[in-house]
Structures are given as C-alpha cells and as structure tokens.
Amino acid sequence: MIKSIHEVLWVILKSYDLQKYRLCLILLAMIMGCAGLSSVLVINETAKRSYSQTAFPFLDNVEYAIYPSQSGWISKADYADLRKNGNRNLIAVSTQQVESLDNHKLDFLGVDYYALMSLNRTRLEKDNSKSGFPLFAANNHSSNSTPTEHKFVIDVEYAKTLGAKNQLTTDNFLKLNSQLSIGPVAIVEAAGLGEQIVCDIETLYSQFNPQGISYILVAGKFNHKQPSPLQLQLPSHLKLIKLTSTEDLDQLTASFHLNLFAMGLLMFVVCMFVVLNALNLLIIKRVPMLTTLRQLGIPIVAIYSAIIIEMMTLAIACSAIGVTLGIEIAKWLSPSVTQTLANLYNVSINFENFSWFNLYAQVLLASVVGLSLAAALPLRSLNQHLTSIQPVASPAHSENKWLAFCVLLLLICLIIYFSNESIFSSFLIIGLVIISGCFLVLYMLPRLLCLIIPIIPLTTPNLRWSVADAKRISNKSSIAFCAFFIAVATNVGMNLMVNSFRLATDTWITQRLDADAYVNTKDAEQVVTLLSSNFPKTTTFVRQSETGNYQGDAIQLRSYPSNLEHQEALMLEQSIATPWDTFSKAQGIFINQQFALSKQLNLGQKIVFRRQNNHTFTVQIVGIYYDYGNPKAQALVSESLILNPSSGNQVIALYNQGVNQSWLPELKNQISTQFPDAQIVETQDLLKRSMQTFDNTFVVTQGLNIITLLVAAFSLASSLIVIDYDNRPQRALIRAMGVPALKILMLTLFQYTLLCLFICALAIPFGILLSWLLIHLVNVQAFYWSYPLVIESNTLVELILSALMVVFLAVLLPAARTILIPPIEDIKWLNG
Amino acid sequence: MAQWLRLVKISALIISMLSTIVMLSACSEPANSLKSNSSTGMYGGLLDQENFSSAKATEQTPITFPQDHLSHPEFAIEWWYLTANLFDKQGNQYPLQWTLFRFSGGGNQSNWSNGQLYMSHGKLSSYKQDWFEEIFARGGVGNAGVSLAAESGHFEAYLDNWIWRSLSTELFPATLNFTLNEQVKLSLNMRATGPYVLNGNKGYSIKLANGQHASMYYSQPFINISGTIERLGETIDVSGKGWFDHEWSAGLSDQKTQGWDWFSIHFDDGRKLMLYQVRHRELGNSWFGSLISPQGDKTHLTKNDIQGSIDGYSKVDSVQIPLNWSLSVPQQQIHIRVSPFKQNQYNPGVFPYYEGAIRVEGSHKGIGFMELTGY
C-alpha cells in the first residue's frame with residue numbers, strides 16, 4: 001500500500017508541470033487565507049495580552065481594592081492598621097490630576113513603593129522577562145539622585161505625545177508650567193500604561209500633597225468563598241471592591257476584536273472558497289490520470305491517501321508561509337490598530353513577541369479543517385468518477401431547499417434575538433443572517449435570470465444566450481458567488497455603520513460645538529474681563545468641569561448654560577416634558593447615554609453626586625443626551641452647581657455677534673500675549689481634527705473590507721477558470737457559428753456583471769440589516785450607546801459600482817485568456 | 001467606572017513592573033550586586049551616608065536605658081538585631097534572625113512620611129529548609145517604627161505585623177511575633193537573664209582603624225527564648241538562647257570598606273564572645289570584640305587580642321564565602337574553630353549577605369551566629 005501511495009504521489013508530483021497555474025492558484029489562495037487569519041490572530045492575541053498586562057502582568061492576581069465606603073480618601077492610619085494586622089499584600093495608591101502647560105490634564109499615580117517592595121515573592125509570577133524597565137527611584141535620596149534614578153515612569157507612546165506638545169523636555173522632565181518642571185522621567189514600553197504618570201507615593205505627596213490615599217490594592221489570590229480576614233478587619237468606612245478590570249476591558253474591546261476576527265475569518269473562508277474552486281479544477285484535470293492509475297491496479301485507497309497527503313503537505317507549507325506573511329502584515333498594521341484602540345477605548349497595546357509555533361498550530365488547524373471542507377466536494381466528485389463506469393450525471397437541483405434553509409436560519413435569528421441579549425448572540429445573529437443570505441442567493445439567482453431572459457428581444461440572440469448561459473454559470477460557480485455576496489453584504493453593512501456613525505458624530509459635534517472658538521484657561525475671570533472690554537461683540541460663556549463621583553465611580557461633570565442656543569445645541573435622546581426649567585433651577589441634570597445605560601438610570605430618577613470637595617448634591621435626571629465616542633460617563637449640570645470647581649481649568653465658549661470675522665486672530669494674539677498658558681481652539685479646527693481622528697479610527701476595518709472584496713473578486717476570477725472546462729462546448733459552438741472573440745469576451749463580462757449586479761441587489765438589504773444589527777445590538781451591548789442608521793443612496797451606489805468594477809477587472813484577465821485560445825482549439829472539442 | 005478601574009489596573013501594572021525590578025535587583029546575580037555595591041560602599045552606600053545624620057557617635061554621650069532602646073532618628077543608620085538558636089523537644093535546631101533596620105531618608109519629609117525608612121529581615125532555618133523574608137516601610141505612615149506604645153507606654157518595635165512588644169519600657173521581657181513567606185508563624189517569649197553589655201568603650205564602638213567611623217553599640221547576650229513555630233498546621237514548641245544587638249551610627253563604613261565578619265558565640269561554660277572584623281581596602285583588616293563573663297562582665301578586645309584566619313571558602317549562591325574560621329583570643333586561652341550549621345544560610349535580600357548559625361569547637365565548645373558581608 002505504501003508503495004502504491006508513493007507511486008501515486010510521484011505521478012501527482014510529475015503532473016504539477018502540467019497544472020502550474022491551478023497549483024499556484026491553490027497555493028496563493030491558501031497563503032492569502034492563512035496570512036489574513038494569522039495577522040488578525042496576532043493583532044487580537046497581542047492586544048488581549050496587552051489588556052491582561054494592563055491588569056496584572058507579574059502579579060498572580062489583583063482582583064480587589066479597598067475604597068472608602070463613601071466618597072473621599074483613605075487615611076494613613078487606616079492603611080497602617082490594616083498592614084499591622086497582617087495584610088502585607090496591601091498597596092496604597094494615591095492619584096492626582098494636574099493641569100499642565102497647555103491645559104492638558106496629567107494623571108499622576110503614586111504607588112507605595114515600599115509596600116510593593118515588601119510583596120511576598122509568591123505573589124509575583126516567575127517570568128520576569130521585563131528586565132528592561134528602569135528603576136524609578138523611591139523618593140529617598142533626592143540629594144543623591146543619579147541620572148538613572150527616575151522619579152516618574154511613562155509609556156513611550158505617551159512620551160511621544162507629551163514631547164510633541166513640548167510638555168516633555170529633551171532631558172525627560174515634565175513641564176507642569178512655564179516655571180516648573182519635574183523629573184527625571186523614565187520612558188518605558190509598557191502595555192496598558194496609557195496616559196498615566198507613575199511615581200512613588202512619597203514623590204506624589206511631596207509634589208502635589210494629595211488629601212489622602214485614593215485606594216488600596218489587594219495583591220495576591222483571594223478566597224472568594226468565605227469572608228476573608230481582611231473583610232472582617234475592614235472598618236465600616238472602608239469597603240472591599242472586586243475589580244473586574246480585565247473582564248471590563250475585554251468586554252469593552254470585545255466587539256472590536258470580534259469584528260476584526262470575523263473579518264479575518266471571513267477572508268479565510270473566502271480564500272477557502274477559492275481553494276475549493278481551484279481544487280475542483282485540479283481534481284477534474286486529474287480524473288483521466290487517476291482513472292488510468294485505477295486501470296493499472298492502484299487501489300482507490302492509495303489514490304485517496306496520496307491526495308490527502310498532498311493536501312496536508314500543502315496545508316503545512318502554505319500555513320507556514322501564510323503565518324510568516326501574516327506576522328509581517330500585523331506589524332505593518334500595528335500602528336493603525338494601536339491608534340484605533342487608543343482612540344476607541346483609551347487603552348494602549350503592545351505588539352510584542354508571541355509564539356510563532358502557537359500561531360502556526362492555530363492556523364495549520366484552520367487550514368487543515370478548511371482544506372478538508374474545501375476538498376470534500378471535489379473528492380466526492382472524484383469518487384463518483386473513479387467508481388462509476390457510466391458518465392456522471394449532475395444531480396437535479398432543488399432550489400426550493402435553499403429558500404427553506406434561508407427562512408429557517410432567519411427564524412433562528414429571530415428566536416435568538418428575542419431570547420438572549422449578549423454580544424456573542426448578536427454576532428451569532430450576524431453570522432446566521434449572512435449564511436441565510438447565501439442561501440437566498442442560491443435560490444434567487446437562477447430565478448432572477450429566468451425573469452430577465454423573456455425581456456431580452458429575440459433580435460439579440462447572443463445576449464439572450466449570454467443571459468441563459470449565465471444561469472448555468474450561476475449553478476456552476478455558486479460557491480464563488482456566495483463568497484462575493486458575503487463580501488458585498490459585509491461591505492455594505494460596515495460602510496453604512498461607519499457612515500452612520502460618522503454622520504451622527506459630525507451632526508452631534510457640530511451641534512454641540514456651537515461657539516466660534518473656545519479658550520481653555522486657569523484665568524477664566526481675567527480672560528472674560530479682557531474679552532468684554534476689548535471685544536464687546538463677543539459673548540462668552542464660562543464652562544466648568546470636574547470629576548465627580550456616583551456610587552464610587554468617577555463621573556465627568558460639566559457645567560452647561562441653559563440659554564436658547566445651548567438648549568438647541570444639546571442632542572437629546574429622550575427628556576422629560578420641560579427639562580430646561582428644572583435644569584436651570586439646578587434641580588435637574590442631563591446625563592449621557594453611556595452613563596444611563598451602564599448604571600441603568602431612568603429619566604426622572606433622582607441621583608446623588610459627590611463632588612471632589614466631598615460635597616454632595618441630589619438632582620433629577622431630566623434628559624439623556626447622545627455623546628458618541630465618549631467612553632466615560634458624563635453629566636451636564638447647571639452652572640451654579642459647580643461654580644467653584646475644586647481644581648482645574650475652565651473653558652470659555654466665545655460667540656461672535658459681529659459681522660467682521662477678523663476678530664479671532666486679534667483675540668488670539670491678545671490672549672496668547674497676556675495669558676501664555678491659555679489655549680485657544682477654533683471650532684472649525686476642532687471639528688476637522690475630530691473627524692480626522694474618527695476616520696483614522698476606522699482605517700483598519702475599511703482596509704479589511706477592501707481586502708475581503710478583492711479576495712471575493714479573486715474567487716470569482718478563479719471560478720471562471722474552473723468552469724472554463726465546462727464552458728468549452730458552448731464556446732466551441734458559439735465560435736463555430738462565427739461569433740468574434742471580442743464579442744465573446746464582452747458577453748462573458750456581461751454575464752458576470754449581470755450576475756454580480758443581482759448579487760449586489762440581494763446583498764444590499766442584507767447589508768442594511770447587518771448595519772442595523774451592528775448599531776442597535778453590538779454597539780449598545782459593547783458601549784452602551786447607539787445612533788440612528790442613515791442609509792445614503794450615494795454610499796450604496798459607490799459601493800456597488802466599486803464592487804462591480806473590482807469584479808470586472810478581476811474577471812477580465814481570465815476571460816480574455818479564454819478567447820485568446822485559437823478558435824480551432826475550441827472547435828476541435830466538438831469532435832470529442 | 002471604567003476610568004477608575006483602568007487607573008487601578010494600570011497602577012497594578014506599574015506595581016508589578018516595579019516589583020519585578022525589585023525582584024530583579026534582589027534575585028539576579030546577588031554576588032555581582034554586592035560586588036558592584038562595593039564601588040559605592042556597603043549596602044549600596046546606605047551605610048556611608050553621614051550627610052543624612054545630624055548627630056555623630058561620641059565617647060562623651062553615654063548610653064542610657066531605657067531611652068536608648070528607642071529610635072535615634074538623628075543618626076543615619078540604626079538596627080535592632082536578634083539572633084537565636086532554638087531547639088525543639090527532639091533536639092532539632094532552628095536558627096532564627098529578626099532585624100529591624102532604620103535608615104534616614106535624607107531629610108525628605110512630606111505628609112506621607114517622616115523621612116525615615118525601615119527594612120526588616122526575618123529568617124528561620126531548619127537543617128533542610130530556610131524561610132527568609134524582607135519587608136520595607138516608611139516611617140510616619142504608621143506601620144513601622146520603634147517607640148513606646150501609645151496605649152501602654154511599653155517598648156514596641158514593628159514593621160507591619162512583625163512586632164516586638166515589651167512588657168515595659170525595657171526591651172525584656174517581651175514577645176516577638178512575625179510570619180515568613182505566609183508559611184511560617186513565629187510567636188516567641190523573650191526574657192533577659194543578664195545585664196546589657198556596652199561594646200567598645202562604654203558603647204562607643206570604633207569601626208574603622210583610622211577612627212573615622214564609629215557607632216553606639218550595646219548587646220544583650222543573655223536571652224532565654226521560648227515559643228512556638230507554626231508551619232503547615234503543625235505547632236512546634238521551641239526554646240533556646242538569643243543574642244540581641246542595638247547599634248546606631250552616622251555612618252559605619254566608607255566607600256573603601258569591603259565588608260565585615262561578625263561572630264556572636266555562646267560558650268558552653270556560660271561565657272559569651274563577640275568578634276568583629278572590618279575589611280578595608282586601604283586600612284587593612286581590623287578586629288575588635290567583647291568577651292563577656294557569665295555574670296555579664298565585659299572584656300574589651302582589640303585587634304591585638306584577636307587572631308582570626310579563614311580555614312576554607314565555600315560556594316554559596318554562586319559566591320565564594322569563608323564559612324570556616326579559626327579564631328583565637330590567646331590571652332584568654334580561647335582557640336576555636338567555627339563552622340556553619342549548614343552551608344547555605346545566605347539571605348537573598350535587596351542587599352544579600354550571609355547570616356547563619358555556627359558550631360564552635362576547639363578549646364571551647366558552643367554555638368552562635370555569624371554574619372559575613374561584602375563577599
């Protein structure tokens with residue numbers, strides 16, 4: 001048997017010379033699929049590892065923290081008592097937000113360096129691969145400080161940002177204002193560090209003198225089942241809170257990664273369609289050769305074994321190349337992905353080393369599974385060829401079964417939709433909707449063509465034949481057309497979603513930023529005085545901001561004027577009957593959608609906020625407003641409620657009442673001269689910058705969309721080559737009748753364009769449904785906000801035209817290749 | 001919600017990063033770290049910091065009890081040092097060390113700390129195992145200090161839950177409780193059976209041959225200890241003899257100090273011997289010590305009275321350390337050989353050193369402890 005397998009393999013190897021193109025197609029498709037999948041896996045894996053590092057990379061576990069039961073601070077005495085009671089796994093952390101030179105807020109995090117030095121080593125993981133981190137100095141020997149003793153630690157990306165803003169000097173000191181710089185700062189590559197400046201708690205106290213300890217981390221494993229000694233020791237004014245940090249971050253970014261993974265998988269699946277087509281072609285070509293082998297007495301098992309060995313070898317080789325390529329693609333994409341994640345979720349990730357072999361194992365497994373599935377159909381067909389002495393008749397197609405499958409899947413979607421609310425179920429629905437769409441394509445495509453045929457005048461027999469033949473092609477290339485449908489539908493879905501999001505953001509931001517310019521300054525009163533005396537036609541509104549607290553969670557508090565212009569500027573999702581009356585009396589607040597959904601707050605509900613100065617106020621929720629893209633909970637309060645913010649800058653909104661537009665440069669000049677720390681931003685600039693950031697955010701998904709479309713077109717092109725073998729009788733006849741080659745080419749292109757047009761027509765409603773699902777299911781579940789779905793016909797037309805263009809170009813080459821065959825070659829076929 | 005969670009996560013990240021750094025500095029190549037320290041003096045230069053002292057040890061300042069049991073924050077360096085050889089009922093030996101170090105932080109005070117830094121070392125050995133732990137804290141936070149307890153007015157030295165608590169303003173009788181590596185819990189009762197011994201000249205102890213560095217140094221070598229060791233749910237009753245040192249100084253060494261060798265010995269005849277050798281690159285090696293009678297009478301020993309030689313080096317934790325010594329005090333007819341209770345008694349702290357029990361043989365028999373630094 002082994003000898004037979006060896007012989008078959010040898011024959012197959014020899015046959016490669018005759019099947020170079022088909023083999024290349026298989027290899028290319030597999031490599032593309034593996035590369036796409038592995039790049040997505042690398043991005044997701046490294047990002048997820050970054051999140052877990054964001055949590056606790058070297059500590060076995062930090063699941064809990066101690067917080068004040070009410071708002072406020074933890075005293076040193078509380079901390080010391082807890083440690084003296086044997087809780088040596090507690091680490092005090094104090095935080096401080098400081099406004100720097102350009103009114104940028106710097107977040108400092110002071111950690112009890114000595115407590116962490118005391119951590120028992122059993123709490124630390126053994127893998128200390130991060131030996132590159134410089135030591136930040138405990139704030140001990142200030143007089144003895146050496147250049148290597150850094151007082152602060154920041155992430156390398158944040159350092160770049162601060163450097164660009166001139167907030168980080170060349171000798172790595174942080175410029176807090178024009179007089180004061182602090183440092184030195186160690187710049188490290190640390191996943192999850194984000195825009196945080198970490199230092200010893202002593203340094204934080206020396207520098208900023210905070211009011212106390214913000215929270216105490218509990219390092220190490222925790223007994224979840226029984227109340228721990230720590231819980232029993234906690235005084236009533238302190239509470240132990242479980243940190244669901246990693247899970248939170250996972251949830252927050254899950255949709256991004258699921259989206260990315262889905263796109264990668266989609267690309268892989270589409271590639272497997274290409275493989276299927278190419279394999280089909282390969283096997284068909286081999287049938288005479290394999291039949292001869294059978295006639296020579298080679299057992300059928302040996303033939304199958306040899307083909308399986310060949311497939312596995314291809315999978316092993318293509319996966320290796322694909323993984324290597326995929327890693328390079330991931331590295332190339334990493335800046336965009338990092339930017340996207342930073343913009344969307346305010347987390348930074350590191351593309352670090354990862355296990356090549358792990359990745360290879362995953363991709364190889366996917367390739368083997370994909371290849372097995374792709375090979376199943378051609379092998380089945382081969383089986384029929386090799387075991388039957390009669391010509392194999394095509395099975396009768398029952399198209400109604402596709403409709404039944406489609407309806408069934410849509411019903412399942414409805415059941416899931418009404419029975420389960422989770423991101424996973426949402427993505428399951430999306431997947432099922434796409435598959436049901438494929439079934440609908442299989443059902444509808446022949447029918448649509450049948451509808452067209454009678455319309456075509458009898459005077460154009462070639463065109464009539466072409467459409468009729470298209471029906472045959474649709475049956476032969478159904479898999480490739482399904483792949484194309486998936487690509488178009490997901491493209492429509494993603495594009496509509498992104499466009500809706502963009503439009504909603506644009507409308508919202510334009511509406512919200514209704515002033516002509518904004519000044520961010522610590523000297524609000526003086527700036528207002530200057531403006532009122534020198535620019536009498538400019539109206540000013542001072543906006544206060546601070547971080548408040550609701551049930552232990554930080555909330556952005558922003559003052560909001562209640563004049564008519566501002567009332568119109570606030571885009572409300574829902575509100576009580578007369579929200580502004582209650583709001584202006586400082587009895588009501590507006591909260592953003594994120595806050596409302598995450599805390600399950602309802603309109604009319606009364607809630608208690610705690611300000612930074614520990615004062616509380618009770619207010620009624622009078623409205624819920626859209627706040628797209630803001631990952632944080634926010635509330636707009638009446639100006640009188642936070643008249644004296646605890647700390648920080650104030651924003652002055654400037655409205656120009658005059659006709660002359662030259663006021664702004666002059667105003668900028670005067671303010672920057674007299675208040676060098678003030679920052680003036682023109683609304684137009686701000687809008688432009690915001691939308692640029694927005695567009696950058698979706699670069700990756702858009703890129704993947706295009707790649708998927710290209711792969712789908714490639715699949716179609718390859719299918720054209722596959723069915724070329726079956727087309728020869730028709731083509732021979734047509735050519736024998738004297739139809740010129742160019743006309744045949746035109747007819748072929750017409751066939752494919754028509755088929756793809758139908759597919760696009762079917763894909764559009766499915767794409768719209770997908771975008772609705774993404775906006776109203778996935779987005780709400782992941783981010784607690786949604787936005788209206790906007791269907792712009794322009795977008796759809798552009799998308800369809802570009803899809804058709806891609807198909808046209810992709811099909812052009814193989815179609816042209818077939819007509820370049822001399823007519824005699826085709827006509828010879830008629831002679832058998 | 002997400003914001004503060006993120007803060008917590010990130011802080012934990014940094015904590016872990018720093019933990020790793022500390023671990024790395026503590027664990028990786030301890031020998032090298034000590035060797036490199038030698039360029040900046042002993043213990044990374046911590047013992048050289050006269051700049052951080054507003055006072056200096058002098059002969060004119062007598063040691064007075066119980067005041068001088070307490071902390072001397074005006075001095076840069078101070079330690080309370082207990083070593084003991086404990087035995088269970090089966091005769092198994094459990095050498096023990098508890099030390100509380102205080103360092104002046106260079107006058108850097110804030111609302112967080114008073115500028116004092118505390119480090120404590122705890123260690124228990126058996127013939128097969130060692131449990132060593134090193135913990136740190138700042139003074140002024142409330143979890144570390146040496147003071148009279150606010151409620152009782154009794155002497156108390158503590159860092160987190162490692163607490164020496166006396167029954168009076170005196171050091172003894174007292175209890176000492178501490179845990180090691182979350183595995184071993186020690187509860188000891190300590191009672192002094194003899195007087196304190198003022199080393200050097202009435203407690204003024206010159207450290208370098210040129211007289212540039214000195215400390216105030218007294219010992220309590222007559223300590224009876226009893227108590228329990230709890231480990232893996234098992235409680236072992238132990239008892240034995242302990243030795244306590246309290247020393248404070250503006251600076252014990254300079255950058256050319258290579259290290260020191262310290263021996264505390266309980267002879268079977270009831271006498272106690274403390275020997276101390278400083279190794280200095282320029283000044284050479286110099287010995288001093290105290291021979292204490294069973295009644296507590298001290299004989300001050302100078303370098304002329306002591307002969308010490310190394311009998312052999314052993315490799316411990318990749319470092320060649322002289323674990324076998326021949327020590328003589330000829331005038332007192334003391335000619336002894338010192339060997340370790342077991343070879344590896346290395347303390348792998350931020351500043352690693354050898355601290356372990358010894359066996360004494362020769363003209364006199366006994367047990368004790370030795371501390372070998374700078375190797």
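Colleague: How many bridges join strand 3 of chain A to strand 8 of chain A, and do they run parallel or antiparallel?

Modeller: One caution before the answer: this is a predicted model. Strand 3 and strand 8 of chain A run parallel, and five bridges join them. Within that pairing, Asp107(A) has Gln196(A) as its bridge partner in strand 8 of chain A. Gly110(A) is partnered by Cys199(A) in strand 8 of chain A.

Colleague: Which strand of chain A pairs with strand 8 in the antiparallel sense?

Modeller: Strand 4 of chain A does, over two bridges. Phe152(A) stands opposite Cys199(A) in strand 8 of chain A. Cys199(A) is also the bridge partner of Gly110(A).

Colleague: And what joins strand 2 of chain A to strand 3 of chain A?

Modeller: Seven bridges join these two, which run antiparallel. One position to look at is Thr95(A), opposite Leu109(A) in strand 3 of chain A.

Colleague: What is the strand order of the open sheet in chain A?

Modeller: The order is 7-4-8-3-2-9-1-10, eight strands with mixed pairing. Strand 7 (185-188) and strand 10 (238-242) of chain A have a single partner strand each, so they stand at the edges, with one side of each left without a neighbour in the sheet. From one strand to the next the twist averages 30°.

Colleague: How does strand 10 of chain A run against strand 1 of chain A, parallel or antiparallel?

Modeller: Antiparallel, with five bridges between strand 10 and strand 1 (residues 64-68) of chain A. Ala65(A) stands opposite Ile241(A) in strand 10 of chain A.

Colleague: How should I read the side chains along a strand?

Modeller: In a regular strand they alternate between the two faces of the sheet. Burial is a separate reading. Six of the seven residues of strand 3 of chain A are buried, so that strand is largely enclosed by the rest of the structure. For strand 8 of chain A the count is five of the five, so strand 8 is likewise largely enclosed.

Colleague: Which strands does helix 3 of chain A lie across?

Modeller: Helix 3 (residues 76-84) lies across strand 1, strand 2 (90-99), strand 9 (215-218) and strand 10 of chain A, and it runs at about 155° to strand 2 of chain A. Helix 6 (residues 201-208) of chain A also packs on the sheet, where it touches strand 2, strand 3 (105-111), strand 4 (152-155) and strand 8 of chain A. The direction of helix 6 makes about 35° with that of strand 2 of chain A.

Colleague: How do I check the span of a helix, say helix 13 of chain A?

Modeller: Compare the distance from first to last C-alpha with the span expected at 1.5 Å a residue. Helix 13 (residues 461-476) of chain A has 16 residues and reaches 22 Å, close to the 22 Å expected. Its buried residues include Val467(A), Ala470(A) and Ile473(A), along with Asp469(A) and Arg472(A).

Colleague: What does Arg102(B) form with Glu78(B)?

Modeller: A salt bridge, with the closest N and O atoms 3.0 Å apart. Arg102(B) is in strand 2 (residues 93-104) of chain B and Glu78(B) in strand 1 (residues 77-87) of chain B, so the pair ties together parts 24 residues apart in sequence. Arg102(B) is buried at 0%, as is Glu78(B) at 0%.

Colleague: Is Lys89(B) buried or exposed?

Modeller: Exposed, at 70% relative accessibility. Its side chain meets that of Asp237(B) in a salt bridge of 3.5 Å, N to O. Lys89(B) sits in the loop between strand 1 and strand 2 of chain B, and Asp237(B) in strand 13 (residues 234-249) of chain B, 148 residues apart. Asp237(B) is partly exposed, at 39%.

Notes:
Residues numbered from 1 in each chain as written. Chains lettered and ligands numbered in written order. Predicted model: local features only at pLDDT ≥ 70, side-chain atom pairs only at ≥ 80, totals over all residues. Heavy atoms only, no water. Salt bridge = Lys/Arg side-chain N within 4 Å of Asp/Glu carboxyl O. Helix = DSSP H or I, 4+ residues; strand = E, 2+ residues; numbered from the N terminus. Buried < 20%, exposed > 50% of the residue type's maximum accessible area, 1.4 Å probe, protein only. Expected span 1.5 Å × (residues − 1). Pairing = 2+ DSSP bridges. Axes fitted to C-alpha atoms, helices over the stretch in contact; angles between N-to-C directions. Contact = heavy atoms within 4.5 Å.
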